[in-house]
Amino acid sequence: MLHQMMRFRWPAWRALAPETRSSILEEAAGVLTAMEQPSDGRQSGVYSLVGHKGDLLLVHFRRSFEELNQAELSLARLRLSDYLEATTSYLSIIELGLYESTSSVYADLAAKGVQPHSEEWNREIEAVLARHRQAMAPRLWPEIPKSKYISFYPMDRRRGESVNWYRESMPDRQRMMKDHGLIGRRYAGEVRQIITGSIGFDDWEWGVDLFADDPLVFKKLIYEMRFDEVSAVYALFGTFYLGIRTPASALAGLLKP
């Protein structure tokens, strides 16, 4: 998954002749309309950002980093890109929380006397993961929700001198994540959440995308989670971005000088 935050060069855009702007927008709308169509885990979406952090947010789901790179290059080749300036971006992969099932598998293997990271251990773990991939394919390769609003933010787990998430035991992390998840489930139907992992790919450890038709639900959900142990003790949050879904067909209206 790739997020691209862009600022629009309005002075240069307004200086163009109307027919030139129209031609540029027609080209961009054609490419982006095709990219908007979901295709087996491949899809892009355009959002109009609210606030000073940028003008446009482009969200891309693909099956590989190579495909993300091609999506990025396809946009860079558009004449419209001459009027877009990147403010930041975020690269990550969709990640499923499997604390309970992972703990169960580890416990079963340990009970059988299988040595961790041995050939047999790795084979059993891979078999379990293969079953998860098949069962959870719709969550691993989702379509971009049709919701009107998006809230995106990156986050870390604390790993300082006094509090370190990575020094907590698996049972404790499992318990805390279960309690954390119960809060999110109360908002099922109002908000869709997609968690992505970015350790080794970007500056934070996770990215969180929230999708909803009522932006106030973002505040309610995140505020309630502030009191949860996982967030209150172990979470660090990055910059928040809020965008409004803009179909490619409406790009001309959005960029009207």
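Colleague: Is Arg186 buried or exposed?

Modeller: This is a predicted model, in which local features need pLDDT of at least 70, side-chain atom pairs count only at pLDDT 80 or more, and totals for chains, interfaces and linings use all residues. Residues are numbered from 1 along each chain as its sequence is written, and side-chain values use heavy atoms, with hydrogens and water left out. Buried means under 20% relative accessible area, exposed over 50%, and partly exposed in between (1.4 Å probe, protein chains only). Because its relative accessible area is 52%, Arg186 is exposed.

Colleague: With which residue does Glu224 form a salt bridge?

Modeller: A salt bridge is a side-chain nitrogen of Lys or Arg within 4 Å of a carboxyl oxygen of Asp or Glu. Glu224 is partly exposed at 25% relative accessibility. The closest N and O atoms of the pair are 2.1 Å apart, and the partner is Arg186.

Colleague: How many residues apart in sequence are the parts that Glu224 and Arg186 tie together?

Modeller: Helices (H or I, at least four residues) and strands (E, at least two) are DSSP runs, numbered from the N terminus. Glu224 lies in helix H8 (residues 216-226), while Arg186 lies in the loop between H7 and S7, so the parts tied together are apart in sequence by 38 residues.

Colleague: Why are Arg123 and Glu119 separated by about one helical turn?

Modeller: Their side chains meet in a salt bridge at 4.0 Å, N to O. Arg123 is partly exposed at 48%, whereas Glu119 is exposed at 66%. They are separated by about one helical turn because, in helix H5 (residues 119-135), they are four residues apart.

Colleague: How many residues apart are Arg175 and Glu229?

Modeller: These two form a salt bridge, with the closest N and O atoms 3.3 Å apart. The pair links distant parts of the chain, Arg175 being in helix H7 and Glu229 in helix H9 (residues 229-234), and the two are apart by 54 residues.

Colleague: Is the ring pair of Phe8 and Trp13 edge-to-face or stacked?

Modeller: Rings of Phe, Tyr and Trp (its six-membered ring) pair if their centres lie within 6.5 Å; planes under 30 degrees apart count as stacked, over 60 as edge-to-face and the rest as tilted. The structure holds eleven aromatic pairs. The ring centres of Phe8 and Trp13 are 5.4 Å apart and their planes are at 70°, so the pair is edge-to-face.

Colleague: Which residues form one aromatic cluster?

Modeller: Phe8 counts as buried at 5% relative accessibility, and Trp13 is buried at 0%. Both belong to the one aromatic cluster formed by Phe8, Trp10, Trp13 and Tyr83.

Colleague: How far apart in space are Val163 and Tyr234?

Modeller: Val163 is found in the loop between strand S6 (149-157) and helix H7 (170-185). Not counting residues up to four places away in sequence, Val163 touches Arg158, Val233 and Tyr234, where contact means heavy atoms within 4.5 Å. Val163 and Tyr234 are 71 residues apart in sequence, and their C-alpha to C-alpha distance in space is 7.1 Å.
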